[in-house]
Amino acid sequence: MKKIFIFFLSITTLLSLRASGVRAQQNPSALETGPLELTAQIPLPGVRGRFDHFSFDPAEPGRVFISALGNNSVEVLNLVEGVVIRQLPGIPDPQGIVYALGVDKLFVGSRQGKLYIYDGITYELQTVIDYHADVDNLRYDAAAKRVYLGYGDGDTAAVGMVDATTNQRLDELYKVGAHPESYQLERSGPNIYVNVPDLKHVGVIDRNSKQITQWPVPDKMDANFPMALDEADHRLFIVTRKPARLIVFDTHSGKVVATLPCVGDVDDIYYDANHKRVYIPGGQGFIDVFQQKDADHYDLITRVPTVVGARTAGYAASLGKKGTDRFFLAVPIAPGKEASVWVYTVQE
């Protein structure tokens, strides 16, 4: 327990305003004094194209890893100095990314079907595992030291696993029938929840029984890509793009308990357990913030203006409400403006 406490205390301290390093430009269209306050902007010189996913290393000096899909690179940011300290080039269409705490390795999935494994300290490439089809979202089970990855299409589509200690691909996998998008692992239970947009459902994988069930997305709703989990309240959040809707499932029953309009062109969603909020960044040019009144009821409390096309984000929670939570938004290059990461401080 002491080590766990130190870990969370570390992320609380290191993801502070000082860690951001660069003061926010006073842009009235971007600043927000509500739940999210823009407090810093970190430039990404020379980075072009769109972004995909974030990962974090809270150990000093604190790092953020970003898959710059359109730039065929991973950008590594130092949070103390607020600058890019390393670029890992030559990764074709990087997508899912996860830093494995305890083994100090960085795992990067490629749309071209490969999983790249780097030493997390030296950034040396250790090995490449070829899955032959679209390696996308990654998750890390720190207790089991396993990296989960969604990959493939059709009959090859599955959620597979890699031993993070040995870098070996494991035989165990869960076939889901179509390409898996965002998914979430239960920490206190056996379930994995998987968005399968081509089949218009959420797949529920029981890691004990190996059984897979399906929860259909509500009628006339399509393109369920992002997902977040409120495990304590047994609620699963997904967002559809057609139309743009936040959908809340009861994970006990599999029933939909809420459906709400939200920002469009969404690729990420995060649940903030400290403040009982849902953050939804959309390429439409806003971050929608929903307040959880109770497990079945949610209010849109603000729509934070950002930039059109900025839909990739990361959220770093602190330990309890006394710490400082951060929300990170990747802003693509635009005419006259270089790409950057906007850092928001979560307000009470």
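Here's a quick tour of the salt bridges in this structure. The model is predicted, so local features need pLDDT of at least 70 and side-chain atom pairs count only at pLDDT 80 or more, while totals for chains, interfaces and linings use all residues. Residues are numbered from 1 along each chain as its sequence is written, and side-chain values use heavy atoms, with hydrogens and water left out. Side chains of opposite charge can pair when their charged atoms come close.

**The overall count**
- Searching the whole structure turns up 11 salt bridges (a side-chain nitrogen of Lys or Arg within 4 Å of a carboxyl oxygen of Asp or Glu).
- Arg-146, Glu-172 and Lys-210 are linked up in a network of salt bridges.

**Arg-235 and its partners**
- Arg-235 meets Asp-250 in a salt bridge, at 3.4 Å from N to O.
- That pair links distant parts of the chain, 15 residues apart: Arg-235 sits in strand β19 (residues 235–242) and Asp-250 in strand β20 (residues 244–250). Strands here are DSSP runs (E, at least two residues), numbered from the N terminus.
- Arg-235 also forms a salt bridge with Asp-296, where the closest N and O atoms are 2.7 Å apart.
- Asp-296 is in the loop between β24 (286–294) and β25 (297–305), so its pairing with Arg-235 in β19 ties together parts 61 residues apart in sequence.

- Arg-235 has 8% relative accessibility, so it counts as buried (under 20% relative accessible area; exposed is over 50%, partly exposed is in between, with a 1.4 Å probe and protein chains only).
- Asp-250 is buried too, whereas Asp-296, at 31%, counts as partly exposed.

**Another pair**
- Asp-299 and Lys-293 form a salt bridge, with their closest N and O atoms 3.8 Å apart.
- Lys-293 counts as exposed at 59% relative accessibility, and Asp-299 as partly exposed at 35%.

Definitions and conventions. Helix = DSSP H or I, 4+ residues; strand = E, 2+ residues; numbered from the N terminus.
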